[in-house]
Amino acid sequence: MTEIHTKTCRANGIRQFYLEAGEGPPVVLLHGFPETSFAWRFQIPPLASRYRVIAPDLRGYGKTDKPASGYDKRTMANDIVALLTELGIGRIALVGHDRGARVATRLVKDHPDLVDRLVVMDNVPTRIVAREMNARIAQQYWFFMFHQIPDLPEALISGREDLWLRHFFSDWCHDPSTITGEAFETYVKAYKAPGAVRGAMADYRASAEDVAQDLVDADKKIGCPVLSLWGEDFAAVGGLFDMKAIWSEMADNLTTAPIERCGHLPQEEQPEVVNKLLFDFLDDWKG
C-alpha cells in the first residue's frame with residue numbers, strides 16, 4: 001500500500017495543505033473546481049511508485065488558507081513556487097486540471113526554468129474563453145459570471161452546498177453517478193468548511209486580472225513539452241472548442257488526447273486512461 005502523507009507548511013504568506021507520496025523525480029498535481037487535492041486519489045498511488053508526488057490544495061480550497069486576496073493566477077502560481085522552495089524541490093513535471101491548469105499555465109510562463117513538462121486537463125485558457133465569448137459559450141459558462149457576483153453566491157449556496165455540488169458533478173460527468181457516496185460527501189464536507197465557498201468564488205472573481213496577465217504574454221508560447229487531454233463528452237470544452245487548435249496556439253511541442261466516454265473530470269471518471277497517458281508522457285522524466 002502506498003503511504004500518502006498529509007502535511008502543511010507556510011509558504012508565500014499562507015498555510016498550505018498538501019498530500020505527498022513516493023520518491024523520485026517530482027510531479028506536482030494541481031486540482032480544479034469544484035474539487036480539492038482529493039481529486040487525485042486515483043493518480044497518487046500509481047504515480048508514487050516512480051515519482052515524488054505533491055498534490056496541494058490551492059489557495060482558497062480544501063484545507064489551505066482562504067485569505068481575502070491573492071487569487072489572480074500569478075499569485076496562486078507563486079504559492080506553488082514558494083511551496084516547492086520550502087520542500088527543497090527544483091524542476092518539476094506539472095499537471096493541472098481546470099482551475100489548476102490555469103495556475104499551471106501561469107506558473108510555466110512566469111517560471112519556465114522550473115517546469116520540465118506540463119499536462120493540462122480539460123481546460124480552455126482564460127483569455128481564450130474571454131476572447132471567444134458569445135451567447136452559446138455564455139450558456140455553458142454561466143457559472144463563470146454567477147461566481148463573480150459579490151456575496152450572492154455565498155448567500156445562496158450556504159446550507160445547500162450538497163445541491164450546488166451535485167449539479168456540477170452530475171452535469172459535468174459523462175456518467176452522472178461517477179461521484180457519489182463517500183467521495184461526494186468528502187467534497188460536501190470540504191465546501192461546508194468556513195470560507196470554502198468564498199475561496200472558490202474568489203478564484204473566479206480574479207478572472208479580469210487573470211485575463212490582463214494572460215494578454216501581456218499572449219504571444220509567448222510555452223516552451224516545454226505539453227500534453228493537453230480532455231473529456232470528449234464535456235459540452236463546455238471539447239463540445240465548444242477545437243482543443244488541438246487552441247493548445248497549438250499556446251505551445252509548440254504539443255501532444256493532444258481526447259478521452260472517450262468522459263466529461264470534465266477525466267482523472268476521476270476515466271482514471272485508468274488518464275494514468276496511462278500520464279505515465280507515457282512522464283516516461284523519460286528523470287528529475
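A crossing of two helices is left-handed if the near helix is turned anticlockwise from the far one by less than a right angle, and right-handed if clockwise. By that rule, α8 passes α9 in a right-handed crossing. This is a predicted model, where local features need pLDDT of at least 70, side-chain atom pairs count only at pLDDT 80 or more, and totals for chains, interfaces and linings use all residues. Residues are numbered from 1 along each chain as its sequence is written, and side-chain values use heavy atoms, with hydrogens and water left out.

**Helix α8 against helix α9**

- Helices (H or I, at least four residues) and strands (E, at least two) are DSSP runs, numbered from the N terminus.
- The axes of α8 (residues 161-171) and α9 (residues 181-192) come within 9 Å and cross at roughly 130°.
- α8 is therefore oblique to α9; angles under 35 degrees count as roughly parallel, over 145 as roughly antiparallel, 65 to 115 as roughly perpendicular and the rest as oblique.
- Axes are lines fitted to C-alpha atoms, for helices over the stretch in contact, and angles run from 0 to 180 degrees between N-to-C directions.
- On the α8 side, the contact residues (heavy atoms within 4.5 Å) are Glu 161, Asp 162, Trp 164, Leu 165, Arg 166 and Phe 169.
- They meet Phe 184, Tyr 187, Val 188, Tyr 191 and Lys 192 in α9.
- The residues of this contact of α8 with α9 divide into seven nonpolar, no polar and four charged.
- Ala, Val, Leu, Ile, Met, Phe, Trp, Tyr, Cys and Pro count as nonpolar, Asp, Glu, Lys and Arg as charged, and the others, Gly among them, as polar.

**Helix α2 against helix α3**

- The axes of α2 (residues 73-87) and α3 (residues 99-110) come within 8 Å and cross at roughly 80°.
- That makes α2 roughly perpendicular to α3.
- The α2 residues in the contact include Met 76, Ala 77 and Ile 80, and those of α3 include Val 103 and Leu 107.
- By class, the contact of α2 with α3 has six nonpolar, no polar and six charged residues.

**Strands β7 and β8**

- Ser 228 lies in strand β7 (residues 226-231), and Ala 257 in strand β8 (residues 254-259).
- Ser 228 is buried at 1% relative accessible area; buried means under 20%, exposed over 50%, partly exposed in between (1.4 Å probe, protein chains only).
- Ala 257 is buried too, at 10%.
- Beyond neighbours within four places in sequence, Ala 257 contacts Leu 227, Ser 228, Leu 229, Trp 230 and Leu 277.
- The C-alpha atoms of Ala 257 and Met 121 are separated by 9.6 Å, though 136 residues apart along the chain.
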